[in-house]
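The sequence and the model are shown first, and the description follows.

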Amino acid sequence: MAYDGLVTWAVTQELKDKILLGKIEKVYQPEGDEIVLHIHTKKGNVKLYASVGSAHARVHFITSNPINPPAPFSFCMLLRKHLQGGRIVDISQKDSERIIEISIETLNELGFCVSKKLIFEIMGKHSNIILTDIATGKIIDSIKRISIDVNRVRQILPGMIYQYPPAQDKTPYKEVTSEDLAALPADGKSILRSLGGISPAFAEQLASMEDSHRVDYFNQVKESILNGNLEPTVYLNQNGEPQEFYILPLHEYEQSCKKQAFEAISPCLEFYFDRKTSSNRGKQKSHDLIKSVAAALDKMYLKKQRLSEDILKAENSEDLRLFGELLTANLHLIKPGMSSVEVTNYYDGRLITIPLDVKQTGAKNAQHYFKKYGKAKTAVKEKQIQLTENQGEIDYLESMLVYLENTDDVNEIETLRAELVETGYVRRRKQSGGFREKKYKPSPYRYTLTSGYTVLVGRNNKENDILTLKTAGNKDLWLHTKDIPGSHVIVQCGGAQLTETDIFEAAAIAAYHSKGRTSENVPVDYVQVKYVKKPAGAKPGMVIFTNNRTVWVNPGLPASAGSKQEL
């Protein structure tokens with residue numbers, strides 16, 4: 001990742017241009033490692049985003065609205081107390097380091113003006129956001145507290161004097177002279193070790209140039225950043241996935257990647273990190289849920305195996321009944337102390353040996369076999385019921401796993417989490433008093449068929465129930481992949497006769513929103529909604545249906561694929 005000192009410089013210049021003398025109106029902390037500042041300026045309101053995640057630390061403006069937790073984190077509450085209503089009076093970069101400092105003037109509880117400094121250290125796994133008091137230089141608090149157990153050299157704890165990270169034995173790019181540049185070896189690693197504040201990709205680019213050209217190029221770079229003449233670019237591979245970004249062209253990626261150019265650094269950073277798998281917030285949030293669901297599924301699969309084995313064993317219990325009958329008919333052959341007896345099986349005329357309990361009489365042994373036979377028959381019925389219930393759990397969890405794997409939308413993932421909490425598979429998060437969960441509002445995927453009919457697709461099991469049982473009319477068409485976990489799909493046709501093309505298009509949508517998304521020739525059942533019923537006590541999204549027909553399609557969305565829309 002090329003978030004180096006040069007990019008930090010460019011971001012600092014952009015912050016100065018947009019939010020200097022701006023007022024901090026709101027502070028949010030969507031996740032434990034990120035904050036969002038809502039800032040009012042003369043040019044309009046902006047949102048400043050900062051993350052200290054080890055794989056995606058950065059600072060830039062955003063246009064999206066991250067989802068905030070029901071109860072704010074403690075660091076968020078502290079920032080609100082100290083910064084909300086404050087005015088930004090200075091923004092600077094510490095030397096050539098990846099450190100941005102924002103000085104803020106605000107009023108304390110007594111109405112006196114005090115100065116605070118919000119420091120963003122963008123240094124990979126060592127990234128941090130620290131609030132300090134300018135007058136005393138002491139740390140008020142930080143998003144990551146670093147104790148002596150973690151770092152013996154530099155601690156970040158409330159009440160301590162703030163100290164910058166230890167300086168490296170490098171020449172800062174802001175101080176490097178033309179002679180220094182000319183003397184650098186033509187080796188990327190050597191340049192990286194000698195020059196502070198540049199990324200490996202930029203170091204390799206400097207190494208590939210001749211000495212005179214290198215000096216001219218680097219001076220042009222510094223002048224371009226200072227004057228705001230940047231070329232923020234994201235380099236994409238053949239699949240459209242971001243590979244690298246920078247504020248200037250990187251020759252290494254120019255030929256092998258597609259280029260996505262931006263007018264400013266913040267849109268460039270927002271585009272890159274939103275699409276980068278390693279920093280995708282949705283994937284990160286769904287990871288723990290997927291692990292929990294997969295673990296629960298493993299337990300259900302094991303339970304199914306054991307129940308099936310018990311049922312098979314119980315079904316093979318006819319020998320117990322036979323032993324009881326033969327012992328009853330041959331009590332005269334059984335003598336006290338016998339451990340077994342050989343009798344004739346009057347069903348086929350063959351001799352059979354029956355084990356005996358030496359402590360019991362022949363009649364007691366016969367009763368024992370009849371009792372075991374009766375228990376086995378009862379076990380078949382009971383365990384069959386348990387097996388059916390267990391299969392329902394498996395079907396439900398498999399559907400949840402499909403929804404989690406098929407989305408990276410944070411809203412959808414939080415909805416799925418809430419559903420798993422309601423069904424008891426995930427523990428409810430601890431919340432501070434006074435915060436209530438928002439009422440659930442369905443927001444299904446909405447598509448339009450070639451013929452103009454609207455298609456609604458559930459994003460989760462709760463939404464499936466709402467679509468099928470409340471939203472859809474009795475004569476609308478209902479679709480679902482056959483014996484494959486997936487979404488309920490409703491074609492709002494009102495009983496009108498659909499063409500074969502309509503049915504195949506809707507079936508392809510159902511296959512796309514299922515576990516068979518990456519397969520071919522996926523079977524999809526379709527039937528009118530009036531033939532779909534929900535059994536009493538069934539899990540969310542679980543239904544039964546009759547009078548269905550089946551088509552086989554390849555998963556896909558219509559050319560006019562729509563977006564999510566609230567009902």
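## An exposed alanine

Alanine 183 counts as exposed because its relative accessibility is 61%; exposed means over 50% relative accessible area, buried under 20% and partly exposed in between, with a 1.4 Å probe and protein chains only. This residue is found in helix H3 (residues 178-183). Helices (H or I, at least four residues) and strands (E, at least two) are DSSP runs, numbered from the N terminus. Between alanine 183 and aspartate 211 the C-alpha to C-alpha distance is 7.8 Å, although they lie 28 residues apart in sequence.

The model is predicted: local features need pLDDT of at least 70, side-chain atom pairs count only at pLDDT 80 or more, and totals for chains, interfaces and linings use all residues. Residues are numbered from 1 along each chain as its sequence is written, and side-chain values use heavy atoms, with hydrogens and water left out.

## Nonpolar cores

The largest nonpolar core holds 72 residues, of which Leu6, Leu15, Ile35 and Leu118 touch the most other members. Such a core is a set of buried Ala, Val, Leu, Ile, Met, Phe, Trp, Tyr and Cys residues joined through side-chain atoms within 4.5 Å. Helix H1 (residues 5-19) supplies the largest share of this core, 7 residues.

Leucine 6 has contacts (heavy atoms within 4.5 Å) with Tyr173, Gly197, Ile198, Phe202, Val221, Ile225, Tyr246 and Ile247, leaving aside residues up to four places away in sequence. A second, separate core has 22 residues, among them Ile503, Ala506, Val524 and Tyr526.

Strand S6 (residues 99-107) is mostly covered, with 7 of its 9 residues buried. Strand S5 (residues 87-93) runs antiparallel to S6 and is joined to it by 6 bridges; two strands pair if DSSP finds at least two bridges between them. Serine 92 stands opposite glutamate 101 in S6. The hairpin of S5 and S6 has 5 residues between the strands, and aspartate 95 there takes a positive phi near 50°.

S6 is also joined to strand S7 (residues 113-121), by 9 bridges in the antiparallel sense. Here threonine 106 stands opposite valine 114 in S7. S6 and S7 form a hairpin with 5 residues between them, and glycine 111 in the turn has a positive phi of about 90°.

## An open sheet and its helix

An open sheet is formed by 3 strands in the order S13-S12-S14, with antiparallel pairing. Strands S13 (242-246) and S14 (258-261) are at the edges, each pairing on one side only. On average, neighbouring strands of this sheet are turned by 25° against each other, direction ignored.

Strand S12 (residues 233-236) pairs with S14 over 4 bridges, and tyrosine 235 has lysine 259 in S14 as its bridge partner. Helix H8 (residues 265-275) packs on the sheet and touches S12, S13 and S14; its direction makes about 160° with that of S13. Axes are lines fitted to C-alpha atoms, for helices over the stretch in contact, and angles run from 0 to 180 degrees between N-to-C directions.

## Helices H10 and H11

The axes of helix H10 (residues 318-329) and helix H11 (residues 362-405) come within 8 Å and cross at roughly 155°. H10 is therefore roughly antiparallel to H11, a term for angles over 145 degrees. Residues of H10 including Leu320, Phe323 and Leu327 belong to a group that meets a set in H11 including Ala366, Tyr369 and Phe370.

Definitions and conventions:
Angles under 35 degrees count as roughly parallel, over 145 as roughly antiparallel, 65 to 115 as roughly perpendicular and the rest as oblique.
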